[in-house]
Structure formats: C-alpha cells, structure tokens
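Dear colleague,

Here is the structure that I promised to pass on to you, and below it you will find my notes. Please read them with the structure open beside you.

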Amino acid sequence: MTATKALEEEKTHSLIIGVGIAILLILTIAAVILGATGYTPSEKIRPLAQFYLYYAMNIFKKELWAATPEAVNSMVWDYRGYDTLFETSVFFLAVIGAVAVLRLPGVKDVTTKGIFSGRGLSLIVKVVTKFIVSFILIVAISIAIHGNLTPGGGFQAGAAVSIATLVALAAFSRIFLEERHITTKLMLPIRVIGVVGIGLVALAPALIALTGIFAFAMQNQPKVWAPNFGFPPGFGDFWLSGNQFYYNFLEFLAVGAGFTVIYLMYSIPELIYKEVLKKK
Amino acid sequence: MTTLSQALWIYMYLTLIGLIAVAVYGIVRRPNLIKKIIALSILGDTANTFIIFIGFRRGLATVPILPTLNPTLEQLIAFKNTAVDPLPQCLVLTAIVINMSVTAFLTALAIQLYRLYGTLDVREAVKLKW
C-alpha cells in the first residue's frame, strides 16, 4: 500500500467517524427535545420515586419501610439490594482481574525496603500529608458508619480511604506503607472478609429459614409475607437501620481494601518487574 | 419556568452532549491507550450527570434524606412532595464504583502492555505477535 493510499484511507475513516458522531449527537438532541427523558426537570417526580420517599422511613406502615431516613441508602441495600449485591461481585472480579494482570509470578509479597532508599517529598509536603491522611481516614470511617443516616455509604467511604493510600504513596513512598504493614498480603484478606461478610448478612435470613420461620434472602425488616423475621432497626439513639449498617461497614472494608490493593500493585517499581521478567 | 432557567437547562444539556462528542472522539480516534481510558471515564461521568439531571426536580427541591428518625405523617407527605428523585442517584452511585474499578482494571492492562511491549499506541500494539 502506498503512502497516498494510506492517507486517503485515513481521511475516509475520519469522515465516517465524524458523520457517525454527528448523527449520534443529532439523535440524542432530538430524543431529549422529544421527551425521551421525560421532560426534565419536571415539577413532579415519578410514582416509583414517591413510593420510596414515602415509605423508606414510614413508621406508621412498618410492613413496607426500610428503617432508614436516607432514601438512596434504602434503595441501595433494601429495595434494590440484589442490584448492589451483583455490582459488588463485578467490583470483586475487576480487582481480581487487575491483581492477576499485575502480579509478579513467583513472588509472594513485594518489598522495596533495602532496594530503594528514597527520601520522598519535602518536609512541608510530608507534614501536611500526615494531617490530610489522618483526616481522610476519620472522615471515611464516619461516612461508613453514618451511611444509613447521611449522604454516603460503604462505597464512598471505601473510595475515600483508598485515596488516603494514594496520597501517602505519592508523598512518602511505598516503604512508608510497608513499614505500617499496609501490604497486599494484609489487604487481600480484609477485602475477602468484607465480601464474605456481605454474603453472610445477605444469607442470614435463609439460615433463619432453616428453623422453619419464613424469610427472604436479603430481607431487612419484617414484610407482609414474612412477618416473623427482621433485623433490629436500632438500639435507642444508635440507629442501625436493620442490616444496612452492617452492609455499609463491610462494603467499606471490601472497597477500601480492594482499591488499596490495586494502588499498591501500581506502585511496584519497574526495576523489580524487569528483574522478574528477565528471570522468566 | 422562566426564560433564564430554561436557557440554563438547554446550555447544560448542550454541554453534556458536547462532552459525549469529545469522549466518543477520544475513544475512537486517539491511538494512545491512556487517552482512550481517560475518554472512557469522561463518557461514564457524562452519562452519570445525564441520569442525575433526569432525577432532578424543578422548584423547591430538597435532598432525599429525612432529617428525623420520628417523622409525623405531615413530614412524610411534605418529604414526598419536595425531595428529588432518589432512584437515579442510587443507579449512579453503583455506576461510579463500577466505572472506577473498570478504569483501574484497564489501567492495569495498559501498564502491563507497556511493560511487555514498550508501547501504548494501539496501531503498534496490533502489529505485535502475541
């Protein structure tokens, strides 16, 4: 193929892609104008949303409630719980995939101590980072345990706590984390504990059902068809929202440890990789 | 709805559509894998914002969180009539985490591709013998 022919082919490709994007945009605009998204923003919301808002914390109709004042959380872990359960498994698989791709064959746990002796960034950055990392940790735990009452939940808390690792990696180095035992060796079991815990909480009603009491998997509060089973919604001022407190905390462990593992894998120095690959 | 807020909404929708165009261009046309991943995450975030817009409510909208643990019936009805739609927020919440984990996985693949074959250019990568 000559150079001019290749250039011409390139031009045709660009034209096709340009026309394609233009058609896509025109169709999207037309769909929105014609009301595909339901005349947004409207003054009234959909009946389904009204149902969730009305019953999430409806203490007068406890056979339909989710025992949480946070409507989003009531859907994530109660009304649409299965959605979140399978989404957690997608997340679990994505982390396994990343670990499988980045793992070093034949090396159990990577340590950079002794190989590298970097000093990290300057003192100012280090001191500020120490403050920020501790704040992030406190805020993340607060988001996790208040997930059933305030905005946030397990996912957000987990994402926040993994950012603390990332900040520490950038400002100090991998050695700083290794000295504090934040390694893949510790984080992988924590992640598994989180995911297995979520599974156990979801299946707890099924275990109860073995004793003869009728209960649904992932059931939170007593329902019309299963009135004899329900997690305690709270103890006085300590409001748990049934099983949602446990879900949020376990999800926090799973997501936080999962992302931390990935970031730790990213931070393995190229030198170690090259050595291992050379041996192969 | 006043003309100004109408104009603002149209402006926001057009911005989103423009972002989709940028993201699709990046995914289809940029040869660098990292740029493709960045464009993909832009596309995901744009779609999420679009879904959040669908759930928004005109007028005096409040957050979908009840401020009390012992609500009266009037409070519940008022909450139902003023809060924004929580369903899109719930969907987006899960979509964000999936987006983040998929991005992490793709980045891992890109890093490994670069380590093993020394290139992030897909035009070069397809020529390699695997």
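A:F252 is found in helix α9 of chain A, where helices (H or I, at least four residues) and strands (E, at least two) are DSSP runs, numbered from the N terminus. This residue counts as buried, since 27 C-beta neighbours lie inside 10 Å of it; the cut-offs are that a residue is buried if 20 or more other C-beta atoms lie within 10 Å of its own, exposed if 12 or fewer, and partly exposed in between, with C-beta atoms placed from the backbone. Leaving out residues up to four places away in sequence, A:F252 touches A:A144, A:G154, A:A157 and A:G158, where two residues are in contact if their C-beta atoms, placed from the backbone, lie within 7 Å. A:T111, by contrast, is 141 residues from A:F252 in sequence and 26 Å from it in space, C-alpha to C-alpha.

Please keep in mind that this is a predicted model, in which local features need pLDDT of at least 70 and side-chain atom pairs count only at pLDDT 80 or more, while totals for chains, interfaces and linings use all residues. Residues are numbered from 1 along each chain as its sequence is written, and chains are lettered from A and ligands numbered from 1 in the order in which they are written.

A second residue to look at is A:V133, which lies in helix α5 (residues 123-145) of chain A. Is A:V133 buried or partly exposed? A:V133 is partly exposed, because 19 other C-beta atoms lie within 10 Å. Not counting residues up to four places away in sequence, A:V133 touches A:A164, A:V167 and A:A168, and the C-alpha atoms of A:V133 and A:V167, which are 34 residues apart along the chain, are separated by 7.2 Å.

Turning to chain A as a whole, there are 10 helices and 2 strands, and from the N terminus on they run α-α-α-α-α-α-α-α-β-β-α-α. Of the 280 residues of chain A, 34% count as buried. Its radius of gyration is 25 Å, whereas a compact globule of 280 residues would have one near 19 Å; the radius is taken over C-alpha atoms, and the globule rule is 2.2 Å times the number of residues to the power 0.38.

The contact between the chains takes 52 residues from chain A and 44 residues from chain B. On the side of chain A that touches chain B, α4(A) gives the most, with 11 residues, and the residues of that side divide into 36 nonpolar, 10 polar and 6 charged. Here Ala, Val, Leu, Ile, Met, Phe, Trp, Tyr, Cys and Pro count as nonpolar, Asp, Glu, Lys and Arg as charged, and the others, Gly among them, as polar. Leaving aside its neighbours within four places in sequence, A:M75 is in contact with A:Y52, A:R80, B:P86, B:L87 and B:C90.

As for confidence, the mean pLDDT of chain B is 88, and 98% of its residues reach 70 or more, pLDDT being the predictor's confidence in each residue, from 0 to 100. The predictor gives the complex an ipTM of 0.87 and a pTM of 0.88. Where pLDDT is low, the predicted coordinates should not be read in detail.

With best wishes
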